[in-house]
Amino acid sequence: MSQLKVYNSLSRQKEVFTSLTPGHVGMYVCGPTVSGESHLGHARPYITFDVIHRYLQHLGYKVRYVRNITDAGHFEEEGREAVDKIASKAILEKLEPMELVQKYTNLFHWAMAQFNTIPPSIEPTATGHIVEQIEMIKKIIGAGYAYEVNGSVYFDVKKYAAGHEYGKLSGRVIEDLLETTRELEGQEEKRDTADFALWKNAAPEHIMRWQSPWGVGYPGWHIECSAMATKYLGPQFDIHGGGMDLLFPHHESEIAQSTICNHTAPVRYWIHNNMITINGRKMGKSYNNVIKLTELFSGDHPMLEKSYHPITVRFFILQTHYRSTLDFSNEALQASEKGLKRLWDAYQHLGKLTRDSADAEAGDPELDAKVAGLLKEFDEFMNDDFSTAKVLANMFEIVPVINSMKDRIIPVTALSAENFLFLQNRFRTWLEDIFGLKSVSEADHGKLQGVMQLLIDIRKEAKNRKDFVTSDLIRNQLASIGITLKDEKGGEMTWNAE
RNA sequence: GGUCCUGUGGCCGAGUGGCUAGGCAGAGCUCUGCAAAAGCUCCUACAGCGGUUCGAAUCCGCUCGGGACCUCCA
């Protein structure tokens, strides 16, 4: 079998993946900032890395998957003021940051469950690791790569760049960064504009604050990931993932901090997913073009023609390579919806087919070889930097074969017994275990199944009597409430519910 | 302005220099009491202009278009 190759943002090329500790993989993915609701754009990294996580497990690795919750920062919520009203007696009226953080963390977990993602092994919070962050900052100061000004601590990028490659990951040129003349808040404290904060002095109105050696403040944006990754994965680990928009300055800064602290480059493979766009433009807060996940699932948004099932969204994301941009549109999502249904229906039919092993030879050697070849390519494609889109394309090529076997247009024995079992096994493994897809219909409900069986029996009976009025009545009534009855070849009936 | 990515048929999207991905939509046929599915067939595109090559969507150059990052951002 081919070896897994991943595109490493650091080297800008595909590299053969080997883990630091045989049999184990340490993977860190930048998690959500829980000061607001997640939107469609956020779904992409979590689904992408969920599939990578599942695939690594499939390959036999024991994966420690760490994904943080950023719950520290300058948080505000609409309609509530981020002002610490110490003087106010109404404690329940003031913004309680942890309350807000809890609310959006819960919502995030709910959405991730809807997407059928496997929870990370460890989900550390920034607020729970203030001590580790402070320790790390102390080390960096001790090494001479950070300086304190008015209760804030900044990383000395120029000094770091003198002996290290600052900008390697994001393709930045240090001279350019130092020359930036851009006007930004709080820049006057820094020695150079390229320097970044490790610790920030908290203004009196800042509601999230902790005691530190440099006074009351809060951690800089980049330090939490370095501190938590180091704590749970060690000074050096295998994979660090996140969106491409985090390449600079976030990940570049992470490398600098961790390198100074741990005397080694922290990450061996940097993996970055591309953006979801809408009308060709990145979906993001600043563009004011976000569709929240709750809106996507309910259809309650002016840009949505209908609601979309979370699994449809998951499938939509997997139909594109993770390093390409993916443009959202109703048309594209609806195409995915129909495609997924076709694929999943075939998968269900495949599960019901059986192949007698009495005559194990392939009745149609040519078809048998074609199917075997398509199945074999699953590994090759996935090993080639996680080409989920190509694996799915191969599955779609097999769909007509499955449907033809179901309709008895071609016999099940066209495939060898071994290959047939392999086909069943592969579809189950890849669709469910690796891609994490599942049925989008409500047809799994036990009691409903009983009721449907009754209706199907009555309708069959009516059809046998050529009582088409009754049989059509049953089918039409069910159709009007979103249940589709299908007369299969051979007199069987199947059904599907929205 | 700097750095980088990108431009594929009606739409979405794979594409390692030669072997017409795939999905959705559309057309025809078959099956069927009708319907829905399903099967078969058709629709063969690579922004433009040059160049390298026996051969380019794929490599190089230029032009035009779109985007990302440089600032919170998945």
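Helix 1 (residues 40-58) has 19 residues, which at 1.5 Å a residue should span 27 Å, and its end C-alpha atoms are 27 Å apart, so the two values agree; the expected span is 1.5 Å times one less than the number of residues. This is a predicted model, in which local features need pLDDT of at least 70, side-chain atom pairs count only at pLDDT 80 or more, and totals for chains, interfaces and linings use all residues. Residues are numbered from 1 along each chain as its sequence is written, while chains are lettered from A and ligands numbered from 1 in the order in which they are written.

Chain A
- The chain has 15 helices and 15 strands, taken as DSSP runs (helices H or I, at least four residues; strands E, at least two) numbered from the N terminus.
- Its C-alpha trace spans about 90 × 55 × 35 Å along the principal axes.
- Of the 498 residues in chain A, 38% are buried (20 or more other C-beta atoms within 10 Å of the residue's own, with C-beta atoms placed from the backbone).

Helix 1
- Because 16 of its 19 residues are buried, helix 1 is largely enclosed by the rest of the structure.
- Gly60, with a positive phi near 105 degrees, follows helix 1.

Terms used. Buried ≥ 20, exposed ≤ 12 C-beta atoms within 10 Å, placed from the backbone.
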